[in-house]
Amino acid sequence: TFQCGLPLFVVCCGVFAEQQPAYRDAAFKQHRHNATQLRALGDDAIHLLQSSVHLIPPPGNETALDGDALLQTPESLTMLEGMMVSYIHEGRFAGESKYVEAMKERVAKMKGNIVETHKANQKWVHKSIDDINKCNKPFWSVAYKKAVKLEERFNTLSKKHKECYESISDAADSVESYKVKYENAKAGLDVAVERIKDEEKKQSASTCKPGLWPGVTLGMRAQMLYTWFDKAYKLMVRLHRERKKKAKLTARFKAMYDKRRKQHAKLAVKCKKTSKDMDNTKCKAVTLLRTACKDRSLCYKRAVKAHSEADKVVKKEERDMQIEWRSLGRMDCYLGVINVKKEKNLNGCRKNKVSADHLKIKYGKIPKRTNCPFDPRCPCSKKYKAEHYGKPGLGTCTECPACKA
């Protein structure tokens, strides 16, 4: 029997058997043959025909002789073809229709094995191309769609960010305006209070000096005192009324000033949160795309490597299976002219061009790796700051780890 030492079998029994997907194993399992059924016929040609189909033990269990897959070699079939021609010349098959039918059945099974192996190899090649294409699918169908949604949210937050800081700028102007009004009102109140104090000092009790106004009667003095008191009283009433009015104005401006300050502080917190949310949303989109691009690149390299390895194995098998198919086709012809014993019939079989075009593999083209879309507006980059933090008072940018990497 032929061993796995031939170049093709080194591939089939070793590396290829480990790398082939499950459907290749399943295809081979369909072609296991029971060698003992034909060995009972005891013919050397049939025994050689059997031995041309080798038992491949399952990977990792080389001691299992019942086998999970079968594959013939071009070399074994070439030797078998030569032996068959020799036997025909010697007339060893004359009258042995039972042997001929058994050999025809074996040739048909071997051809079926080749066809199924070709189908498995074609599926393997298509799958390796599909695996390369699938590397783009998670990126565009998942990562990119998520990034688009994040970008939409970022644009919304960016608009709110600008509006918020426009509002906080107006609020700051309002705070400053009411601060000035409050300070002016308070200054006016202080002046009113001081004037009242001054007037109160002037109205302190005192004793009239005798002889200050000679000839002035007591009644006249009483009238003078009444007139001074009435004037002073009216002045104090007016001053207190003004102080009360200015106190109310000051209190009103202070309340408005305090309210504007609280609104400004509350708006500042809101704007800071909006600013941070905007930067973090942009950071998530950038991180998502960069991570997906990195994963896609690694996936593409692995898939292309797997495809290249499969390509080498399949091309080798494609050449060998075409050789085997042509050899088996000539054997079919030989088996048809066994009882004729005419050299021209044998020469016709030798010259018969058996087509193996149906065993050609469609390899397709390796899909090109497209460039990843990188957003130049990475948070806190020069362009990003110019667009979103270019004016004073627009807050502080939040750094993104992905942009530093």
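1. Buried means under 20% relative accessible area, exposed over 50%, and partly exposed in between (1.4 Å probe, protein chains only). By that rule E105 is partly exposed, because its relative accessibility is 46%. Keep in mind that this is a predicted model, where local features need pLDDT of at least 70 and side-chain atom pairs count only at pLDDT 80 or more, while totals for chains, interfaces and linings use all residues. Residues are numbered from 1 along each chain as its sequence is written, and side-chain values use heavy atoms, with hydrogens and water left out.

2. The structure holds 17 salt bridges (a side-chain nitrogen of Lys or Arg within 4 Å of a carboxyl oxygen of Asp or Glu). One of them joins E105 to K109 at 3.4 Å, N to O. Both residues lie in helix α6 (97–134), four residues apart, about one turn of the helix; helices here are DSSP runs of H or I, at least four residues, numbered from the N terminus.

3. Have a look at K111 and D332 too: their side chains meet in a salt bridge at 3.1 Å, N to O. This pair links distant parts of the chain, with K111 in helix α6 and D332 in helix α8, 221 residues apart. K111 counts as buried because its relative accessibility is 18%, whereas D332, at 31%, is partly exposed.

4. There's also a salt-bridge network linking E151, K282, R377 and E387.

5. C380 is worth a check: its phi is positive, about 75 degrees, although it is not a glycine. C380 sits in the loop between α9 (343–351) and α10 (382–388), and is buried, with a relative accessible area of 12%.

Notes:
Helices (H or I, at least four residues) and strands (E, at least two) are DSSP runs, numbered from the N terminus.
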